[in-house]
Structures are given as structure tokens and as C-alpha cells.
Amino acid sequence: MTVERSILLIGESNVGKTHYGAQFLKRLMVRECSLQMSGAPTNVEAFNNALACLTEGKATAHTPSEAYLESVWPVTSDEGGKAELVWPDYGGEQVSSLVSQRQIPVKWKERVVGATDWVLMLRLQSIRIKEDQLSRPFHTLFECKKENDQVKAIGQHADGEQPDAFEISDQARAIELLQILLYLSKANLDQPLKQPRLTILLSCWDELESKELPEQLLASRLPMLWSFLASNWKSPEIYGLSALGRPLSIDSPDEEYEIQGPEEFGYVILPDGSHNKDITLPIQRLMAKEA
């Protein structure tokens with residue numbers, strides 16, 4: 001098959017990549033979407049294991065940080081679109097280390113360079129938002145400065161511990177990750193990008209309990225990241241994603257999941273705010289666009 005699109009899924013630790021992959025695979029197996037496998041996928045063991053857990057109504061365990069099991073799925077759509085869905089199942093810490101160490105593994109570089117589309121998964125509720133001059137009351141800035149000066153003077157905190165090492169915010173790290181990927185892809189940033197296209201999935205949407213549109217929520221929670229996206233991409237699409245539809249426990253089974261099957265759970269919130277149970281829709285929409 002001639003691959004017209006190569007769609008790369010990216011996400012840090014604890015954003016639900018494996019659960020989404022397992023649920024996506026289940027939709028393909030039971031044919032409850034307009035995508036079909038057009039060939040044999042490579043290395044789906046991790047997703048099959050996760051799917052076995054979901055069938056029992058349980059969440060799957062976290063992917064070990066050292067693991068890297070790349071799964072490639074050739075898919076076609078009812079409209080005739082063709083794509084290679086590159087689904088790396090890896091410990092999300094590997095993504096974080098790309099930023100902290102600035103060392104890009106060969107496997108990552110090859111996939112980034114060859115991808116026509118990126119799908120970045122973010123879990124807003126796990127992103128730490130640090131206070132700054134724009135969010136803290138003005139008078140506290142002086143108190144903070146005085147406290148910092150005292151710490152610098154004695155070289156340690158009052159309890160004897162050393163001051164924390166400087167650490168960039170999660171929001172800044174997400175931006176830096178995208179900058180590294182853009183550098184690898186040799187993207188021309190003289191004008192808003194058409195390729196690689198960018199789709200953002202705001203995962204675990206059910207935990208957010210938000211009525212806002214996905215784009216509005218991202219812009220309000222992570223304004224610096226949203227400004228970066230809007231400045232560098234022609235039309236980034238933002239979706240809400242709940243791959244499981246509800247929280248699941250690793251130990252205690254969910255009876256409804258066992259009875260109805262995992263394919264009956266999960267949904268996406270489309271950019272216009274509409275709700276749809278077909279969690280493959282973000283990929284379908286990518287494939288429907290001109291390559």
C-alpha cells in the first residue's frame with residue numbers, strides 16, 4: 001500500500017496513550033467506525049494487554065519508562081483515504097527527557113521527520129500551573145522576593161534543606177518539546193504551518209467536568225501554549241477525549257464494562273462542542289484533509 005499520510009501520536013507520562021490505543025484498536029476490530037485496517041499492524045501486544053484489562057473492567061498499568069514498542073497500523077477510511085498510524089507505546093518519561101536532555105533517539109528522529117501529521121495528547125489536570133506576576137496578588141511579590149533573598153543569603157531553607165533546583169513549568173516544557181520536533185522536521189516557520197498538521201487531544205475529558213469548547217479551555221488553562229500553537233500552525237484542531245468514558249481502577253473491576261464491553265464507552269468532544277462516541281474521529285478528520 002502506498003502510504004499517503006503518516007500520523008504520529010505523542011504524549012508525556014500519564015496522558016492515556018495506551019488506553020486510547022486499546023480503545024481505538026477495539027473500534028477497528030468490531031468495525032464501529034469508518035476506518036479499517038488495510039494490512040497487518042505491527043506489534044500490538046501492549047494494546048492487546050490493555051484491551052484484556054478493559055474487557056475485565058479494569059485500567060491497565062502504567063507503561064514502564066524504559067519501554068519503547070512501536071506499533072504501526074495501516075488504515076483506510078470509507079472515503080478512500082490511506083494512512084500509516086504510528087503508535088509508539090512508550091513510557092511518557094521518554095518524551096520529557098527529550099526536553100531535559102536534548103538528546104533525540106534515532107527512532108524518534110526518523111518518525112518525526114517522516115510524519116505528515118502530529119497528534120499531541122495533553123492531560124490538563126496533571127499540568128502544573130505555577131504562580132507568576134500575572135496570577136499572584138501584587139503585594140505577595142515583595143514577600144516572595146524578601147524570602148528568596150533570605151534563602152540566597154544562607155544558602156538553604158530554614159529546615160536545612162537545599163533550595164529546589166530550577167525547573168521549567170509543564171507549559172513551557174510542552175512548548176519546548178514542540179520546538180524540538182519542529183527543528184527536527186525542518187519546518188519552515190516563515191508562515192503558519194500546513195504540514196505537519198497538528199491535532200491536540202485533551203485527554204481524560206470526563207475528569208475536567210467542563211462545558212467550554214476544547215479550544216477555549218486550552219486557551220484559558222494554558223494561554224502561553226495556545227499562543228504558540230495559534231502563531232505557528234495554520235489551523236490546529238483541538239478535541240476533548242475521554243478514551244474510557246469514566247475512571248477505572250487497576251484492581252476493582254467495573255461491572256458495566258464487563259457486561260457491555262469497552263467499545264461501548266469513551267467519547268470525543270469535537271471542536272464545535274458536539275459529543276460523539278466515535279473516538280477515532282480526530283484521525284478520520286485528519287485523513288479527510290488534503291495531504
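Is arginine 246 buried, partly exposed or exposed, and at what relative accessibility? I looked it up: arginine 246 counts as partly exposed, at 25% relative accessibility. For these words I used a 1.4 Å probe on protein chains only, with buried under 20% relative accessible area, exposed over 50%, and partly exposed in between.

A note to myself on the source: this is a predicted model, where local features need pLDDT of at least 70 and side-chain atom pairs count only at pLDDT 80 or more, while totals for chains, interfaces and linings use all residues. Residues are numbered from 1 along each chain as its sequence is written, and side-chain values use heavy atoms, with hydrogens and water left out.

Arginine 246 pairs with aspartate 254, with 3.0 Å between the closest N and O atoms. Shared partners join Arg246, Asp254 and Glu256 into one network of salt bridges. I noted aspartate 254 as buried, at 16% relative accessibility.

Then I turned to aspartate 117 and arginine 5, whose side chains meet in a salt bridge at 3.0 Å, N to O. This pair links distant parts of the chain, 112 residues apart: aspartate 117 is in strand S5 (residues 117-122), and arginine 5 is in the segment before strand S1 (6-11). Strands (E, at least two residues) and helices (H or I, at least four) are DSSP runs, numbered from the N terminus. Aspartate 117 is buried at 0% relative accessibility, and arginine 5 is buried at 3%.

My last entry is arginine 173, which forms a salt bridge with aspartate 170 at 3.1 Å between the closest N and O atoms. Both residues are buried.

Methods. A salt bridge is a side-chain nitrogen of Lys or Arg within 4 Å of a carboxyl oxygen of Asp or Glu.
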